[in-house]
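Hello,

The structure is below, and my notes on it follow.

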Amino acid sequence: MSQPINFYRPVSDNEVPAFETWPVAEILALYELPFNELLFRAQEIHRANFPEGDVELATLISLKTGACTEDCGYCSQSIHHNTEVEPSKMLSLETVMAAAKKAKENGANRFCMGASGRSPNDRDFEKYLNIVRSVKSLGLETCMTLGMLKEEQAEQLKEAGLDYYNHNLDTAPSHYNNVISTRTYQDRLDTLGRVRKAGIKVCCGGIIGMGESRQQRAELIAQLANLNPYPEAVPINHLVPIPGTPLFGVEQLDPLEFVRTIAVTRIVMPQARVRMSAGRHELGEAIQALCFLAGANSIFYGEKLLTTDNSEAEEDRAMLAKLGLKTRESTEVKARMPGLEEHDHAHSVL
Ligand code: SF4
């Protein structure tokens, strides 16, 4: 089946993504295209929307780990699962700032901060606001993932200077109850609505390889694409099966299906930063190269990705250099200072 290709103007930080409704059947039809045809279409749309072809580097830190009362079936931090994760207290502001400075020195554009738990309590929340203000003062973009938010919490985070809030839909509505029982799909959509209403940019994606069907992967992508507007950042995670979690031992997904998912995401959300997230390292360099071709243009970089191992910064630098991929920071510096070569810029990873 032939799909119309819509071209949009290049994305800018102040633009709200254009909205288009995507029926699940049309998204499934994209999945079913011959692999090369799908990648070709995705790359065409990618180039039209991101002519620089740069890759955003986001560094992630866990502010508070473990002891979570939710029961997400993939997560090592839930008290319902028997994993090796040791709960930790919240990091001090000094520790967070030292990590943020290091991330900036290493060329990260965005500093993403996660805390385990269903939703932030009042005492912790004050500390999170302070952390946002402080990290923001370094000139980094800030993103937080703290679970479900109340309306006033979203507004306070916005006031503190938070740029992005991450809250994933995780999977298709029809697969959701097989993965999580302690909060509903609607709870997630409600938090996303509060974040959007407060004027914070939305980072929202999901995890594939959790035993869902291709149809259900298409349902997840349709949920994301049909948010109005769709998220500015869409992390696509590949399940990292963790011993002791209910999803450990689930049948492994064909890695090319991950590439297809990236391509479909790029086509239906043309202006979003599509991020290869957890599971990237395990997929190896060749699959990651295909993902970049399919339209991925953001990666987690240089720090531990919550509790799963992420590729080390050095390996990532080498991979990006091998593929001739620029980072978002290097293209922005060039735009501000025409004539500056990549190797003149201290933070360039090339
Ligand atoms: S994913 Fe988040 S909410 Fe779910 S169990 Fe893990 S820490 Fe808790």
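Around the ligand sit Cys68, Glu70, Cys72, Cys75, Gln77, Ser78, Ser116 and Gly147, where a residue counts as near if its C-beta atom, placed from the backbone, lies within 6 Å of the molecule. This shell has three nonpolar, four polar and one charged residues. Here Ala, Val, Leu, Ile, Met, Phe, Trp, Tyr, Cys and Pro are nonpolar, Asp, Glu, Lys and Arg are charged, and the others, Gly among them, are polar.

The model is predicted: local features need pLDDT of at least 70 and side-chain atom pairs count only at pLDDT 80 or more, while totals for chains, interfaces and linings use all residues. Residues are numbered from 1 along each chain as its sequence is written.

The protein has twelve helices and nine strands; these are DSSP runs numbered from the N terminus, helices being H or I with at least four residues and strands E with at least two. Of its 350 residues, 48% are buried, meaning that 20 or more other C-beta atoms lie within 10 Å of the residue's own, with C-beta atoms placed from the backbone.

Helices α3 (residues 93–105) and α4 (residues 122–136) pack at about 30 degrees, with axes 10 Å apart. Axes are lines fitted to C-alpha atoms over the stretch in contact, and angles run from 0 to 180 degrees between N-to-C directions. The two helices are therefore roughly parallel (an angle under 35 degrees). Leu93, Val96, Met97 and Ala100 of α3 meet Asn130, Ile131, Ser134 and Val135 of α4, contact being C-beta atoms, placed from the backbone, within 7 Å. Six of these contact residues are nonpolar, two are polar and none is charged.

Regards

Terms used. Angles under 35 degrees count as roughly parallel, over 145 as roughly antiparallel, 65 to 115 as roughly perpendicular and the rest as oblique. Two residues are in contact if their C-beta atoms, placed from the backbone, lie within 7 Å. A residue is buried if 20 or more other C-beta atoms lie within 10 Å of its own, exposed if 12 or fewer, and partly exposed in between; C-beta atoms are placed from the backbone.
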